[in-house]
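Thanks for asking me to look through this one with you. Here are some short notes, in numbered points, to read beside the structure.

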Amino acid sequence: MPSAPAPRLRADVSGLPRYVPGRAAPSDLVDKLSSNENPYPPLQSVIASMGEELGRVNRYPDAKSSELIAELSASLAVPPEHLVPGTGSLGVIKDLLCAAVGEGDEVLFAWRSFEAYPTLVWAAGATPVQIPLRDERHDLEAMADAVTDRTRMIIVCNPNNPTSTAVHRGELERFLDRVPDDVLVVLDEAYREFVDDTDVPDGIELYRDRPNVAVLRTFSKAYGLARLRVGYAVAHPTVAAALRACSLPFGVSGLAQAAARASLKAEPELLERVRTLVAERTRVTDALRAAGWSVPDSQANFVWLRLGSRTQAFAVACEAAGVMVRPFGDEGVRITIGTPEQNDRLLKIAGDWRM
């Protein structure tokens, strides 16, 4: 048969930077420290809440996530109309870009940062503007200097993925003071619960009196619900309403809503797990530094090793020894904090590696 003409698609799709997800572990014998997942399974109370939902999967979920919003509103002390749930913080930022930017607009973000940002900005029809990190941290002065009359959004990933670093209160407030009021600043705080540096600000406190600031949070990391895809934005009414208008109807499943609500009820127990992971983060960082590695101060559930041209070789050596880490080109590797036993295996490999 003669081949039919292919459908006409966007000509620039072929050049689109691809998001590269972490690979599945090839077997249960390999420790997967490459995807920033919580190593601990959901609590039994959370699993039970999902079990109650299974008998209703023939019905659409609450499109407004009303009960989840009510509980988040009480927990965060923000008005319900300021909250917009979505399919993880990634899904929320996609919808936010849809609501805020278009052809000819620019979106600023640090680089390297979360590798989905360039793809999402491109998909929204806008131009990504990448501002190089300085000492593995956001260069907020350079970001403010890069704002033009085409800038519609700025994304600040705090703590930053994959370098694990966080910007401090004073520098972030000075930056926000420099940003024009009509430019939306999105504080992506997917790892907020792992922060133990008191000088790293809570974005929700900053948003309260700044109408051009929106905050993203997720249940994927600290709450261990990565597979369910549920996150949310906190934003002032004008931004929240536009985001809500661009959100996928019924995007957050009933299972996800139930698990998120149960997780909020079990927050003290879940945050105890977070403290365990933070303690392990400190132990891993100290051990790597003692072995001669240069490790930035992490405020997330992972650490960053800048390895340059040795990046891929280290990742291969780790996997051969039973530990998967996440390589980023010829820049470095990100290593998720796992259980103490998994971390011990990683430290043995890193200690044996010839710098």
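1. A word on naming to begin: helices (H or I, at least four residues) and strands (E, at least two) are DSSP runs, numbered from the N terminus. This is a predicted model, in which local features need pLDDT of at least 70, side-chain atom pairs count only at pLDDT 80 or more, and totals for chains, interfaces and linings use all residues. Residues are numbered from 1 along each chain as its sequence is written, and side-chain values use heavy atoms, with hydrogens and water left out.

2. Please look at the loop between β5 (151-157) and α6 (169-178), where Pro159 is found. The peptide bond leading from Asn158 to Pro159 is cis, with omega near 0 degrees. Pro162 also sits in the loop between β5 and α6, and the bond from Asn161 to Pro162 is cis too, with omega near 20 degrees. For background, most peptide bonds are trans.

3. His138 belongs to the loop between β4 (127-132) and α5 (140-145). With a relative accessible area of 4%, His138 is buried (buried means under 20% relative accessible area, exposed over 50%, partly exposed in between, with a 1.4 Å probe and protein chains only). Leaving aside neighbours within four places in sequence, the residues in contact with His138 include Ala110, Met143, Cys157 and Asn160; contact means heavy atoms within 4.5 Å. A polar atom of the His138 side chain lies 3.4 Å from the backbone nitrogen of Cys157.

4. Two backbone angles deserve a glance. Asp135, in the loop between β4 and α5, has a positive phi of about 55 degrees although it is not a glycine; at 69% relative accessibility, Asp135 is exposed. Arg229, in the loop between β7 (213-218) and β8, has a positive phi near 60 degrees and is partly exposed at 31%.

5. Which residues of helix α8 (residues 237-246) are buried? They are Val239, Ala240 and Leu243. Seen down the axis of α8, these fall within an arc of 95 degrees, so they line one face of the helix; the arc is that of the directions from the helix axis to the C-beta atoms. They pack against β2 (83-86), α3 (88-100), β6 (184-188) and β8 (231-234). On the other side of α8, Thr238 and Ala245 are exposed.

Methods: Polar contact = N/O pair within 3.5 Å; in protein donor to acceptor, adjacent residues only side chain to side chain.
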